[in-house]
Amino acid sequence: MSLPSRRPARRARVDATPLLFAELADDGPAAPPDEPARRLAFLRRRLDDAAWCAAHLPPRLAVFGVSTMPPAFLSLLQQIASRVPVQLFVPQPTPHYVGDLRARRTRVGENALLARFGAESREFQDRLVDVEAAGEGGVGATRLERIDLDDLADTLDATSAPRDLLRCVQADVVAAFDRSERGAERFRLAGDDPSLRVHDCHGPQRELEVVRDQIARAMTDDESLQPRDFLVLVPDIDRYAPYAQAVFGPLQHQLPFHVADRHPARELPICRALLLTLDLVRTRLTVADVLHLLETPAVQHRFGLFANDVPQLRHLCQNAGIRWGRDAASRERRFDLPAFADNSWRQGLERLLLGSLTGPLDRLLLDRAPVGDVTESRADLLQRFLGYVRTLFALLDDVERPRPLSSWAELVDQLVTTLFAADTSGTGSGDDADALRQLQRATVALRAQARTAQHDEPVSLAVLRDWLDDALGQGAPSRGFLGGSITIAAMLPMRAVPVRCLFLCGLDDASFPRRDRPAPFDLMAQAPRPGDRNRRLDDRQLFLDLLLAARDRLHLTFVGHSAKDNAEGAPSVVLSELLDHLDRTCETSDGRPAREHVVVQHPLQPWSLRYAGEDPRLFTFQELPVATPHSRRTGAAPWCPPETDLVLDSDPDDSIALDDLLKFWWNPSRTFLRESLGLRVRGRDDAEEEDEPFLLDNLARYRLQDEAVQRARRGEHGNDDPLRLARAEGMLPVGFAGEVALHHVRAENEHLEQQAHLLAGARSRRIDVRLVDADGAPAHVQGELDGFTDQALVYLRASKLKAKDRLRAWLRHLLVAVQRQQPERSDGASWPEVTLIFTSDGARRYASITDAEAVQRLGTLIAWYRRGVRRPIEFFEHASFAAAEALDKRGKDVDDALRAAWRKFQLDEDRPYASDLGDVDTALCMRDRDPFGEHQTGEFLHLVEKIWMPLLTALQEHVG
């Protein structure tokens, strides 16, 4: 008796996937007659009919440019060749047979590049040999003619040495010869050979900038080159197209170009905006999400808005405290959160509407905090914006629900009609009409597929969105590939056309060769056969074909270093194998590997002074700055050199607005950029908030404290609950955390509020001062100054005392002191001699100073103000004050002061607001400048001595 085995016998693996698909095909609706497999079977049956072939087939069939072909199509051509002559024009990298070791034809030594990159051409060559061998003596054999396209072999002179590196590589491939074999002569590489170059760059934009400079240099060196002689290929056209517009766009007249192969859903604004609308359902509806859709011209045209309205709307949303979410109910329904309305679209828009009716108002109205300062024109803008938001949110409610395919088609049509209005003025580019036609074709196809499949079950938005993106790509109209200008196109098969200058970009390891990601049930991927589609092999074959397509120059670029931290990146495997091949087959005069002559590492910026160095391979048409000692040391040029001097229109009466003078000394670099250059740099405070506050940050804390102090200073007690008011303004964290935060803020601010109540009688007075500044120019300062009491001028601020508070109070003190000397422009009342400074960390005072000193100090501030609006001055809040404090203390010398200033000047990542380079305006003005380089004779220390030292001497602690 046999005992049962403890382990069951191993069964043969049976894949049920074919059975499953067969069952689905039997149970499902009939396949459409235009399905590819049915068309192929139908054509095969027709080819068996001699009468039909005589009536419908052409006299001769020619097939061009096929480097590989599925076995089914090759078999079909064989069947056609039994009826009519068929000519198959096959591009081949070499006229020699380089397949397997079967002795079919004359075979020569195998080139390493052919062995590694030409797998598809070898497989196709083998199948063609099998077809010819199987058909010898048959009917179709004499009618299937194979013609190899290897015209490069005719242009290369095998009897003479190659003239450059590109010709050497191509000649070896064509001859199937490898110079690394024993006894072979290696190619002598010249250091100035530009025919084959590899450029190591810091990103896609730098790649195209390098390509632009190389094109310009090639056209300068060879006047016979025209824009049509240049072809730029990239692996991902949608990634590189925006950079192409930015790099080549400004030079359109000198270097005409066009971008081919773009996906319409990413190229056409309406298609892109429609997909963005469908994606909004999965977002939190932040301000950036909603306004990004509004940047589409067709959406603006539909709702009567314009491009310059978007920044104003972003500013309004920021003032209203809008962060994310439609309202409390939608947050609860979509995100399973408590139903809170703080910082939602509903709360913010209601505040804007109330503010358009009431104007500025710092109290609650209908339990809401109005956002005022809305002019009549902005009220009209707000009305149109509300129409857009209301329409968008209503459409998102419909899009969110699953529905059948036919209903999705109707909804897409509704979205297009409701959201977009095409430009019919005739001034547009026609993209809107093109996009509307493609969307209409897509919805028609969707309805047809739903009818054919008899599919009436609801499907989710994700399915519809992916299908629509794919349908728009397949339905893209044919875009011109080669034209009369520089062509920037995708790196696709059939692009290996002969061209004089070829540039291949994006050859990094993550981008090329592209990788296949087959589905788990893909049986072809599990058991591949010769002739099956393989994207990675396609790209390797394409690289070999492109290597042979260039006639004069072949330049390859890749992202070899990070633009953030200069971290090294890996090149593509095909590029690495090419460089390895060059090292084996070439020699150099200095004994270094060939790759060190071929690979050029470019700097991060196109204006780097490295381009003015001794390496002739580094070349740019970018205008380089004049070298300075600092630039030679750091390798960079200042953004704004010290010798900058703008020419500005000055007032004929030399008048200076008091507010402008105070604003300048609050931040000189910011005033220069905004007022003189009209440039506003976005800083940390300008970042769009996308979350409700979880903690009370410093800015919100200051706003709450300052509002309370200003109300107390005006003598207003207010009837509104501070908690309700702060909650309605959207400044507090949600729930009990907001109550706790507000309690701490009011406790910190209590003493300062009491002081403000005592100074509630302070008033404003007009300043009208005439004097001669330190440069000998007359000046007339006018404006309103607040904070006057009977005994003193008061400066009150709800924060700790900062260096800029000291300076602003000092400037006010000097203005009042000079005003006392000019009774003819006085209002008859006496002017106080003391200035009091009240902050959360104590009280200080400026005592009375002499008339001569007041005029001298104020004249210095005005003279440097006039210089500072023409160029950035080396005056900084933290560094200048640190140097002054160091000089003011006994035993501190100039070197100690400069070291203290440098510590405050450098960026502190943990506390950016405590350093000067943490301010974006100062960082830009002083970029690549050394304000401490000249030590005792420099402008920095001069300003410290002339401005800060007198201020520190006059500042005193105030008691009582």
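Which helices each supply at least two residues of the lining of the second largest pocket?

## The second largest pocket

In this predicted model, the helices in question are H6 (119–134), H7 (151–155), H22 (523–526) and H23 (535–549). Helix H23 gives the largest share of the lining, with seven residues.

## Aromatic pairs and a cluster

The structure contains 24 aromatic pairs. One of them joins Trp345 and Phe393 in an edge-to-face arrangement, with 6.2 Å centre to centre and 80° between the planes. This pair connects distant parts of the chain, since Trp345 belongs to helix H17 (residues 345–358) and Phe393 to helix H18 (residues 376–399), 48 residues apart.

Both partners are assigned by relative accessible area, for which the cut-off for buried is under 20%. Trp345 has a value of 1% and is therefore buried. Phe393, at 9%, is likewise counted as buried.

An aromatic cluster is formed by Phe664, Trp665, Tyr865, Phe875, Phe881 and Trp948.

## Charges over rings

Two arginine contacts with aromatic rings may be described here. Arg217 is placed over the face of Phe619, 4.6 Å from the ring centre. The charged end of Arg331 lies over the ring of Trp324, at 4.3 Å from its centre.

How values were computed:
Residues are numbered from 1 along each chain as its sequence is written. This is a predicted model: local features need pLDDT of at least 70, side-chain atom pairs count only at pLDDT 80 or more; totals for chains, interfaces and linings use all residues. Side-chain values use heavy atoms; hydrogens and water are left out. Rings of Phe, Tyr and Trp (its six-membered ring) pair if their centres lie within 6.5 Å; planes under 30 degrees apart count as stacked, over 60 as edge-to-face and the rest as tilted. Helices (H or I, at least four residues) and strands (E, at least two) are DSSP runs, numbered from the N terminus. Buried means under 20% relative accessible area, exposed over 50%, partly exposed in between (1.4 Å probe, protein chains only). A charge sits over a ring if NZ of Lys or CZ of Arg is within 6 Å of the ring centre and within 35 degrees of the ring normal.
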